[in-house]
Amino acid sequence: PGKRPLQNKKVLISAGPTREALDPVRYLSNRSSGKMGYAIAKAAQKAGASVTLVSGPVNLPAPNDIERIDVESALQMYDAIVPRASAYDIYIGAAAVADYRPAEIQPHKIKKQQTDSVIHLQRNPDIVADVAALARKPFVVGFAAETDDLDTYALNKMRDKKLDMIAANWVGKLTGGFDSDLNALKVFWPDGGKTLAMTDKQQLAEQLIALIAERIDEKNTA
Ligand code: PMT
């Protein structure tokens with residue numbers, strides 16, 4: 001691999017949180033600034049790839065020369081990703097997708113009651129798992145954001161979702177994870193792994209892209 005190891009490759013990346021509407025003014029969401037996913041998009045482009053970024057609501061400018069598709073909910077993100085993923089060489093799921101959505105979206109603002117209230121939640125489909133299950137599937141990289149047992153949960157996610165690689169990060173700590181400009185990753189693939197130490201997200205993204213490029217080369221020459 002030279003300086004542009006992803007030359008002629010098409011890369012699809014998800015970033016940011018999703019918002020799951022309760023009514024016209026309220027939603028449930030996950031913590032994510034989009035910084036990690038946007039940094040990966042820029043790193044992939046720098047490596048020569050043509051990049052499509054599917055982004056949840058974030059306060060970041062669209063990177064130059066990157067096609068950005070804006071979505072809000074997990075179902076919208078699903079529709080923006082799964083039907084087009086077969087046309088890509090690599091899919092990287094850095095978005096913090098909500099696992100559940102309110103079973104019903106109320107058409108009018110919910111009025112305050114005198115009593116406590118219960119929200120019924122319905123499971124969202126798993127985007128990265130469904131991309132990995134496509135007949136013509138890209139090289140699929142998932143993320144795992146964990147507050148405990150990072151390696152175990154990440155390895156289980158890689159196996160259960162049939163991923164080619166998983167990038168695991170601690171969340172809810174003082175440094176790294178969501179919102180921060182810094183992060184660290186433990187990257188696993190089925191027969192190996194590598195720890196990427198705490199650094200700024202752009203540096204980290206370039207290291208992750210280099211690892212992905214190496215793995216794809218190995219797969220193609222194996
Ligand atoms: O955006 P930042 O502020 O920079 O923070 C970055 C980050 C911490 C959000 C990012 O590095 C990260 O870890 N993203 C994944 C967050 C997450 O939702 O992880 P998870 O362990 O819940 O999900 C595992 C994988 O399944 C992820 O690739 C996720 O995109 C995917 N998933 C999850 C649920 C779902 N319904 N569909 C999915 O595709």
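Ala, Val, Leu, Ile, Met, Phe, Trp, Tyr, Cys and Pro count here as nonpolar, Asp, Glu, Lys and Arg as charged, and the others, Gly among them, as polar. The model is predicted.

**Exercise 1.** Find polar contacts between backbone atoms and the ligand, using a cut-off of 3.5 Å between N or O atoms.

Solution. 
1. For methionine 36, a backbone N or O atom lies 2.8 Å from a ligand oxygen.
2. For alanine 95, a backbone N or O atom is likewise 2.8 Å from an oxygen atom of the ligand.
3. For phenylalanine 143, a polar backbone atom is 2.9 Å from a ligand oxygen.
4. On its own the ligand has 780 Å² of accessible area, and the protein covers 95% of this.

**Exercise 2.** State which pocket holds the ligand, and describe its lining.

Solution. 
1. The ligand sits in the largest pocket, whose volume is about 810 Å³.
2. Its lining has 38 residues, with Ala95, Ala96, Val97, Phe143 and Ala145 nearest the centre.
3. Elements giving two or more lining residues are α1, β6 (90-93), α3, β9 and β10 (165-170).
4. β9 gives the most to this lining, with four residues.
5. By class, the lining has 17 nonpolar, 13 polar and eight charged residues.

Methods:
Residues are numbered from 1 along each chain as its sequence is written. This is a predicted model: local features need pLDDT of at least 70, side-chain atom pairs count only at pLDDT 80 or more; totals for chains, interfaces and linings use all residues. Side-chain values use heavy atoms; hydrogens and water are left out. A polar contact is a pair of N or O atoms within 3.5 Å; within protein, one must be able to donate a hydrogen and the other to accept it, and residues adjacent in sequence count only if both atoms are side-chain atoms. Accessible areas come from the Shrake-Rupley method with a 1.4 Å probe; for residues, only the protein chains shown count as cover. On a 1 Å grid over the protein atoms alone, a cavity is a set of points where a 1.4 Å probe fits but cannot get out, and a pocket is an open set with protein on both sides within 12 Å along at least five of seven lines; lining residues have an atom within 4 Å of a point. A molecule sits in a cavity or pocket if more than half of its atoms lie within 2 Å of its grid points. Grid points are joined across faces, edges and corners, and a volume is the space filled by probe spheres set on the points.
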